[in-house]
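Take a look at the protein chain below.

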Amino acid sequence: SSFWGYRMKCMVRLSRLDCVTGETEVIAEAPCLYDGKRLLYKENNTGARHMVALKENGLSIERTADVQSVLELVKEGASRCVIKSTYGVMELGARLLAYTNDGDSVEAEYIVLSGEETTAHLKMTWELKKAS
């Protein structure tokens with residue numbers, strides 16, 4: 001009995017482009033579970049767990065480590081980033097600039113805001129391959 005019912009094992013490659021500095025980093029290149037709507041995998045270096053929920057109007061990225069963050073990104077309406085740590089809870093604004101999901105790859109470009117100030121401008125790309 002699996003947590004989501006039917007799940008497909010596949011490989012995910014997650015790369016993050018910092019649109020301000022132009023630097024790209026591969027965050028994860030790992031086995032993942034995928035049910036068509038949700039991805040579950042771990043980061044390479046930190047072992048932090050990610051759960052990514054893919055929706056028609058956007059996505060949510062939940063990262064669980066010492067610090068937990070939930071990034072809710074929607075095409076229309078208010079997006080937000082909630083960060084929970086031993087020091088408390090911090091909520092930041094966010095804006096989804098671009099989002100595509102063709103089944104084999106998902107791309108999301110977004111900014112994180114502190115007040116009106118942009119604190120991050122990132123583009124995340126998830127590439128999916130069926131596990132052989």
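The largest nonpolar core has 28 residues, and L39, Y41, V52, L59, Y110 and W126 touch the most other members. A nonpolar core here is a set of buried Ala, Val, Leu, Ile, Met, Phe, Trp, Tyr and Cys residues joined through side-chain atoms within 4.5 Å, and buried means under 20% relative accessible area, using a 1.4 Å probe and protein chains only. In soluble globular proteins, nonpolar side chains tend to be buried together.

Before going further: this is a predicted model, where local features need pLDDT of at least 70 and side-chain atom pairs count only at pLDDT 80 or more, while totals for chains, interfaces and linings use all residues. Residues are numbered from 1 along each chain as its sequence is written, and side-chain values use heavy atoms, with hydrogens and water left out.

Now zoom in on Y110. Skipping its neighbours within four places in sequence, Y110 is in contact (heavy atoms within 4.5 Å) with L71, L73, R95, L96, L97, A120, H121, L122 and M124.

Zooming out, the protein chain has 10 strands and zero helices; strands are DSSP runs of E with at least two residues, helices runs of H or I with at least four, both numbered from the N terminus. The radius of gyration, taken over C-alpha atoms, is 15 Å, close to the 14 Å from the globule rule (2.2 Å times the number of residues to the power 0.38), so the chain is as compact as a globular protein of 132 residues. Buried residues make up 34% of those 132. As for the box that the C-alpha atoms fill, it's roughly 45 × 30 × 30 Å along the principal axes.

Conventions. Buried means under 20% relative accessible area, exposed over 50%, partly exposed in between (1.4 Å probe, protein chains only).
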